[in-house]
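Reader: Hi! Could you walk me through the side-chain contacts and the strands in this model?
Author: Happy to, here it is.

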Amino acid sequence: VQLQASGGGLVQAGGSLRLSCAASGNIFSINAVRWYRQAPGEQRELVASISSGGSTNYADSVKGRFSISRDNAKNTVYLQMNSLKPEDTAVYSCKAFVVVPRTLYEYSYWGQGTLVTVSS
């Protein structure tokens, strides 16, 4: 199973970006997916999560500005980021809890990070 995170870039404050986390490989189903971020010199922070049923949770710092969604047919989770602030600058990574065929065991996988830079 591989996770591919994409969509990062440089944006001005107040702008928007949409991150994608696409899973591929030997997948039976995908349970929860989480987006994390880590700014330079800071600890990794859980930004948003979505369950298999579509329930969502957000860090207080992004509530009302970020929205997480999923397209199960594409095995992809999105993080829509609006009203971006310089303090949102970080490397964003996704983590997915994937059920594999045959055994139906759940494993967690990380995607590579994608850099989001918000200029003031």
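Reader: How many aromatic pairs does a search of the whole structure find?
Author: The search finds two aromatic pairs. For Phe, Tyr and Trp (its six-membered ring), rings pair if their centres lie within 6.5 Å, with planes under 30 degrees apart called stacked, over 60 edge-to-face and the rest tilted. One of them joins Y36 and W110: the centres are 5.0 Å apart and the planes stand at 45°, so this pair is tilted.

Reader: Before I go on, what should I know about the model itself?
Author: This is a predicted model, where local features need pLDDT of at least 70 and side-chain atom pairs count only at pLDDT 80 or more, while totals for chains, interfaces and linings use all residues. Residues are numbered from 1 along each chain as its sequence is written, and side-chain values use heavy atoms, with hydrogens and water left out.

Reader: Thanks! Where do Y36 and W110 lie?
Author: Y36 is in strand 4 (residues 29-38) and W110 is in strand 10 (residues 106-110), so the pair ties together parts 74 residues apart in sequence. Strands here are DSSP runs (E, at least two residues), numbered from the N terminus.

Reader: Is Y36 buried or exposed?
Author: Y36 is buried, at a relative accessible area of 12%, whereas W110 is partly exposed at 36%. Buried means under 20% relative accessible area, exposed over 50% and partly exposed in between (1.4 Å probe, protein chains only).

Reader: And which residue lies over the face of Y36?
Author: That is R44, at 5.5 Å from the ring centre. The rule asks for NZ of Lys or CZ of Arg within 6 Å of the ring centre and within 35 degrees of the ring normal.

Reader: On to charges. How many salt bridges does the count come to?
Author: Four, taking a salt bridge as a side-chain nitrogen of Lys or Arg within 4 Å of a carboxyl oxygen of Asp or Glu. Among them, R37 pairs with E45, with the closest N and O atoms 2.8 Å apart. R37 also meets D88 at 2.9 Å, N to O.

Reader: What else does D88 meet in a salt bridge?
Author: R65, at 2.7 Å from N to O. R65 is in the loop between strand 6 (56-58) and strand 7, 23 residues apart from D88. Through shared partners, salt bridges join R37, E45, R65 and D88 into one network.

Reader: How accessible is D88?
Author: D88 has 0% relative accessibility, so it counts as buried. R65 is buried too, and so is R37 at 7%, while E45 is partly exposed at 28%.

Reader: Switching to the sheet, in what order do the four strands come?
Author: The order is 1-3-8-7, in an open sheet with antiparallel pairing. Two strands pair if DSSP finds at least two bridges between them. Strand 1 (2-6) and strand 7 (66-71) are at the edges with a single partner strand each, so one side of each has no neighbour in the sheet.

Reader: How many bridges join strand 3 to strand 8?
Author: Six bridges join strand 3 (residues 17-24) to strand 8 (residues 76-81). Across this pairing, R18 stands opposite Q80.
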